[in-house]
Every structure is written in C-alpha cells, then in structure tokens.
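Me: Hi! Could you walk me through the packing in this one? I'd like to start with how you decide what touches what.

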Amino acid sequence: MVALPVTTWRKAKTPDAPAEPATGSGTAEGESLHVASRLHAFNRFELKYLVPVEQAADIRDELAERMDRDLNSPVGGYGVWSLYYDTPQLRFYWEKIEGLKFRRKLRIRHYGDLDGVTDESPVCVEIKQRVNRVTQKRRITLPYGVAQQLCDGRQMIEHSAKESAFVQEVLELVIRLNLQPTAITGYQREALVGRDADTGLRVTFDRRIRGRDRDFHFGTNNPENRFTVPPHMSVMEIKVNERTPHWITDLAARRNLNLIRVSKYVQSIETFGLAPRSVFHLGEADCPPPTPTNEPLPPQRPAHDAPRKAGAQ
C-alpha cells in the first residue's frame, strides 16, 4: 500500500462542519502556525459497504467500544447536502464510470439542516479528486452567497494569498469546462473517530440517502427529493490515512460485509435518468427489504443503551 504524506490535525473553524484531517500548506509571512485557514486539504483511503440500517446500528455500537463519537456528530447524526457540478456532457460522471485513475469533482457542501439557509450560511466549496487509489479533498469554507458567486456567477472572490491557488483552480474549472449545477445529494450521517493508536481512522454511516435533479438552491422550499438508495439501506465508509486497522477488517469479515463500488453522485445521475444505469447503480431489486417473520423480538437493551441506538432508527 502506498504511504501517504504525514498529516496534521486541525479543527475546522466552521461550526457546522465536522472536523477533518488537514495537511499544512505553509503559512504567509507573519501568520501564526496555530491559526486555521479557511482552506483545508487531506488525503485518505476509503472503503465502502452497503449495510441494512438495523445492522449498521449494531456495527456502530460495536465500533463505539474502540472509537469515539465525532464531537460534531450528535445522537441521530447530522445532515450533509452536496450540490454537484458537471459539464453538459456529464464529463465527471463518465470519468467515474470509466474508472480513470485521475478524476475530479466539484461540489458545494452544506452541513446541517437546510431550514433557514441564507447567503451568510457557511458552506464548503470542495474539489474531490481520485489519484489511483487515494482520495484527496481540498476545500474552502465560504458564505453561501460568496460560494454561489464563485461557482455559479463565475466571478473572482476575495481571498487570501494562501487560498489563491485553490480559488483560481475552481474558477478555471467552472469556466473552461462550462460546469453547471447537475444534482443534489443529501443524507443523515453519524461519524466515529479513532482513538489512541487509531488516530486518523474515521467511520461514517450514511442513511436516508436522497437527492434531486432540479431546484438547486439549498434554501428551496419543499423541494422534491427522492430516495436514491433504498431507505432501509445505509452506506458505511471506513476512511484511513494510511492503512486499515486489522480489527476493523476482522469485524468486516466476521459480519460478512462486502466492499461495494458506489458513488452518491453517480447514484443520483442514474436514478433520475440523466444517464444509463451502470455497474455502480444500486436499485431496489438489488436491495430488497427484509421479509417480515413471526419470530419473537430480541430482548430489549438496557435503558442506558437506548440513546445510542436511537440514532439509527
């Protein structure tokens, strides 16, 4: 496995955004090393599994014995909404389908509920790219109105010297490729982070995965979202900086979890008929709901376990 650059950990300044590992990129003259920039970047490997919601709750409870709940992840999780940009010919979609070893996606991401989103609400403009087997993310936190000015208005925005290269890259992509809003995805996420020797490990559980192919403003009233993954299924992702701990792979093997190739963006594109369905598509026929049985219900858990379980109901 290819070793990744050593990463340092800094907590994001955006209150709604969960903390992520960030790689340092140098500091401007006179700038303190302890001052977090609006710009963050990190590399990692990702493993994805499709898991029934109830099983995901049990897995999460088992992981909680060796991991901590992300401080930004309350009981029940938090909303993650992403607006993806693509060319009129869906270039980014086809690069994913064709498995290009280097590919990119541009998106605006909002953490939390969409009620009351305004131009001042913090969002992340993010470039997610794949280099061989490594996922790289670079993003900048901006007010929503400023992010729209950059990505939709195709206008230069105020930025610091450290942010210049990233902002220029976003603007160049939008103009050169004629990028436009293409799909919105949304889901409820619960996150756990590693402790002690497993610092850098992050496991997320995404459920109620849905989206839409219109009404692209985050503040749209009563948008028509629909499920893009069957609602009784969730996506479990294991994210590591370098290598997956052996006890995680043992857990996956013991629970018969199978790696899947799934992209929430691709799933939305194909669900709404914007492109033919591919090997990445998950349909209801592929994920039938559990068949009801007359077997007695399992014993109730002690009351002190109820709050942890409630988040996956």
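Reply: Happy to. Contact here means heavy atoms within 4.5 Å, and the model is a predicted one.

Me: Good. With that in mind, what do the buried residues of α4 pack against?

Reply: They pack against β3 (39-52), β6, β7, β8 and α3.

Me: And which residues of α4 are buried?

Reply: F166, V167, E169, V170, L171, L173 and V174 are buried in that helix.

Me: How far does α4 reach, end to end?

Reply: From its first C-alpha to its last, α4 reaches 18 Å with 13 residues, close to the 18 Å expected at 1.5 Å a residue. The helix is followed by N178, which has a positive phi, near 55°.

Me: OK, now the largest nonpolar core. Which residues touch the most other members?

Reply: Those are L106, V125, V170 and F218, in a core of 29 residues. At least two core residues come from each of β5 (78-86), β6 (102-111), β7 (122-131), β8 (134-143), α3 (144-151) and α4 (164-176). The largest share, six residues, is supplied by α4.

Me: Picking up V125, what does it touch?

Reply: Leaving out residues up to four places away in sequence, the contacts of V125 include L106, I108, I140, L142, F166 and V170. R138 and R139 are among them too.

Me: Where do Y84 and Y265 lie?

Reply: Y84 is in strand β5 and Y265 in helix α6 (residues 264-271), so the pair ties together parts 181 residues apart in sequence. Both Y84 and Y265 are buried.

Me: Last one: what sits over the ring of Y187?

Reply: That would be the charged end of K264, 4.6 Å from the centre of the Y187 ring.

Technical notes. Residues are numbered from 1 along each chain as its sequence is written. This is a predicted model: local features need pLDDT of at least 70, side-chain atom pairs count only at pLDDT 80 or more; totals for chains, interfaces and linings use all residues. Side-chain values use heavy atoms; hydrogens and water are left out. A nonpolar core is a set of buried Ala, Val, Leu, Ile, Met, Phe, Trp, Tyr and Cys residues joined through side-chain atoms within 4.5 Å. Buried means under 20% relative accessible area, exposed over 50%, partly exposed in between (1.4 Å probe, protein chains only). Helices (H or I, at least four residues) and strands (E, at least two) are DSSP runs, numbered from the N terminus. The expected span of a helix is 1.5 Å times one less than its number of residues. A charge sits over a ring if NZ of Lys or CZ of Arg is within 6 Å of the ring centre and within 35 degrees of the ring normal.
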